[in-house]
Number of protein chains: 2
Amino acid sequence: MPNVVIVGATGAVGQEFLKILTERRFPVDELRLLATKRSAGKRISWQGREMTVEEATHDSFKGMDIALFAGGSSSTEFARSAVAGGATVIDNSSAFRLDPDVPLVVPEVNPEDIRWHKGIIANPNCSTILMVVALKPIYDLAGIRRVVVSTYQAVSGAGREGIEELENQLKAWAEGADSVSRVFPYQIAFNLIPRIDVFQEGDYTKEEWKMVKETQKIFHAPGMRVTATTVRVPVLRSHSEALNVETEKKVSVAEVRAALSKAPGIVVVDDPGRDRYPMPLDCADTDQVSVGRIREDFTVEAGFNLWLAGDQIRKGAATNAVQIAELLLK
Amino acid sequence: MPNVVIVGATGAVGQEFLKILTERRFPVDELRLLATKRSAGKRISWQGREMTVEEATHDSFKGMDIALFAGGSSSTEFARSAVAGGATVIDNSSAFRLDPDVPLVVPEVNPEDIRWHKGIIANPNCSTILMVVALKPIYDLAGIRRVVVSTYQAVSGAGREGIEELENQLKAWAEGADSVSRVFPYQIAFNLIPRIDVFQEGDYTKEEWKMVKETQKIFHAPGMRVTATTVRVPVLRSHSEALNVETEKKVSVAEVRAALSKAPGIVVVDDPGRDRYPMPLDCADTDQVSVGRIREDFTVEAGFNLWLAGDQIRKGAATNAVQIAELLLK
């Protein structure tokens with residue numbers, strides 16, 4: 001059984017790693033929990049074991065087989081040390097995702113890419129993961145010509161502090177008190193913020209470019225046409241996306257729905273007669289991407305509109321990383 | 001000075017009519033306030049006058065020049081009676097919008113259409129109004145080949161009761177109580193509901209078809225290609241939209257921005273360096289459509305992504321109707 005280390009164990013994604021390792025009965029011999037100095041010393045109980053969170057250092061990785069990095073700046077600081085210490089790193093930060101020496105893996109889409117890793121495997125951006133899981137069966141069925149995506153991203157994308165900020169703003173509102181914004185640039189309660197991460201080329205945000213470039217890398221399709229607008233919404237922990245997909249080949253809605261229904265990692269929730277469609281509130285604590293509102297787009301030769309929702313902390317981060325670890329053990 | 005009657009005077013749009021008539025110094029001789037039986041008898045003070053809301057009947061319109069209908073089923077019931085009574089009806093419901101005998105008017109886009117009215121002028125759907133105001137300068141500059149729109153619609157779209165439902169759900173959450181849903185099909189607090197109005201052809205909702213068909217009618221372009229996904233979000237009163245616009249002619253972002261900046265009814269809020277973009281919270285009680293996040297779409301020959309927000313009750317409903325009334329007086 002492998003020795004596993006979690007870097008960033010006290011954050012939202014780190015905590016989810018612990019739950020998911022248990023739920024999926026992931027075999028673990030030694031488990032080590034690391035965090036920044038600020039969180040070191042915290043006690044965490046897991047599967048009957050009482051553990052103390054240690055401060056991450058370059059020497060923390062000796063004897064470890066798998067290092068799950070929850071994300072953030074610790075990846076740039078410690079990922080190479082973890083590899084040097086003998087561990088295979090599964091990294092949830094954006095540091096290595098576009099590195100040509102690092103595979104970027106979503107197990108439902110490109111599991112074969114873990115074969116060529118050189119110590120680090122990158123976990124894609126949360127919005128990208130949810131989107132590519134839904135695109136994969138359409139890609140296989142009909143080819144993809146172009147994707148226009150608008151996201152509706154939960155505050156959990158900014159970690160535990162993002163969740164707390166929305167909750168605190170709403171509690172302040174209920175008490176008639178003033179709202180404070182620290183994590184997000186403006187109030188997020190009752191608001192939408194159409195800017196996630198920093199602005200880059202062409203006035204697109206880094207989050208928008210992630211959805212373009214990571215998708216192209218995962219599909220090994222550098223010319224795949226994807227354009228995105230990413231928006232923060234006052235939802236706690238599941239991301240949603242409106243996708244407009246033009247396909248190479250003309251196929252029917254029924255064929256797309258059948259392909260999505262059979263695909264791994266997807267649950268089709270699409271029954272207008274019974275008022276059923278994916279909603280973020282229904283996706284909390286689930287591992288599948290919910291896909292619905294599947295409609296022919298009558299404005300193109302061949303294309304579809306669809307709507308998806310998925311738990312950003314689980315399939316969008318922790319679950320995908322643990323699935324990659326499971327592939328490593330095979 | 002015209003005699004003005006407001007039908008639905010006690011609802012969210014009706015109340016806004018009263019504010020806007022004052023703000024815009026709309027000339028009013030007699031003002032009559034109508035509502036359903038349930039609201040009849042309510043006292044409303046306006047410009048120093050104390051008025052009693054009367055129950056709307058087929059005889060309520062005699063001597064009236066302009067009838068502002070706030071929307072809902074009263075339009076189908078009373079609009080023809082208002083015309084018979086001598087009033088010109090400006091109707092905010094969906095009842096007459098696609099009637100070939102009824103002009104559908106957004107003053108910034110097609111003011112000339114009021115000329116051929118036969119007693120009724122329709123006010124478009126709120127999401128449509130905000131979108132066409134932003135599309136108009138692009139249409140004039142470069143032609144429009146295709147639009148993909150994803151909406152982020154406030155609870156005010158369901159009127160005063162929609163606003164109260166979100167507020168009540170969040171107060172219940174703050175007190176640890178259970179949430180009740182009556183207006184919306186599911187909890188809207190912390191959630192997104194990707195279904196507005198009833199399902200129709202092709203599993204599109206009526207709200208989605210409104211954005212397609214009303215836009216085509218307003219631009220007199222029955223072949224204009226528009227496809228929409230409409231989503232309810234936990235925001236109180238301004239709607240937002242992510243638009244992907246393919247144009248006929250290749251123009252630069254600078255040209256689009258300049259055209260939008262000069263256009264009536266639009267304020268360009270687009271300064272990534274100063275973290276400025278349109279947000280619904282900034283649009284409450286404003287009459288302009290805020291447009292930003294203007295970016296070249298690199299996946300097409302000629303096209304743009306942009307993001308807009310606007311007060312759904314004002315420009316999306318009441319202000320647009322009063323602007324139409326102003327055109328009538330000219």
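This is a predicted model: local features need pLDDT of at least 70, side-chain atom pairs count only at pLDDT 80 or more; totals for chains, interfaces and linings use all residues.
## Annotated binding site

An unreviewed UniProt entry places the feature "binding site" at nine positions of chain A, namely Thr10(A), Gly11(A), Ala12(A), Val13(A), Arg38(A), Ser39(A), Ser156(A), Gly157(A) and Gln312(A). These positions are spread over 303 residues of sequence, and they are spread in space as well, with up to 25.3 Å between C-alpha atoms.

## Thr10(A) and Gly11(A)

Thr10(A) lies in the loop that runs between strand S1 (4-7) and helix H1 (12-23) of chain A, and Gly11(A) is found in the loop between S1 and H1 as well. Thr10(A) has a relative accessible area of 16% and is therefore buried, the cut-off being under 20%, whereas Gly11(A), at 26% relative accessibility, counts as partly exposed.

Leaving aside residues up to four places away in sequence, Thr10(A) touches Gln15(A), Ala35(A), Ser39(A), Lys42(A), Ile44(A), Val53(A) and Arg160(A). With one of these, Ser39(A), the side chain of Thr10(A) makes a polar contact of 3.3 Å.

## Interface between chains A and B

In the interface, 63 residues of chain A are in contact with 63 residues of chain B, and the two chains bury about 5300 Å² between them, 63% of it on carbon and sulfur atoms. Twelve salt bridges are counted between the chains, including one between Glu208(A) and Arg295(B), whose closest N and O atoms are 3.4 Å apart.

There are also 37 residue pairs in polar contact between chain A and chain B. On the side of chain A that touches chain B, H4(A) gives the largest share, six residues, and by class this side has 34 nonpolar, 13 polar and 16 charged residues.

Methods
Residues are numbered from 1 along each chain as its sequence is written. Chains are lettered from A and ligands numbered from 1 in the order in which they are written. Side-chain values use heavy atoms; hydrogens and water are left out. UniProt positions are given in the numbering used here, feature names are shortened, and annotations may be inferred rather than shown by experiment. Helices (H or I, at least four residues) and strands (E, at least two) are DSSP runs, numbered from the N terminus. Buried means under 20% relative accessible area, exposed over 50%, partly exposed in between (1.4 Å probe, protein chains only). Contact means heavy atoms within 4.5 Å. A polar contact is a pair of N or O atoms within 3.5 Å; within protein, one must be able to donate a hydrogen and the other to accept it, and residues adjacent in sequence count only if both atoms are side-chain atoms. Buried area is the accessible area (1.4 Å probe) that two parts lose on being put together, summed over both. A salt bridge is a side-chain nitrogen of Lys or Arg within 4 Å of a carboxyl oxygen of Asp or Glu. Ala, Val, Leu, Ile, Met, Phe, Trp, Tyr, Cys and Pro count as nonpolar, Asp, Glu, Lys and Arg as charged, and the others, Gly among them, as polar.
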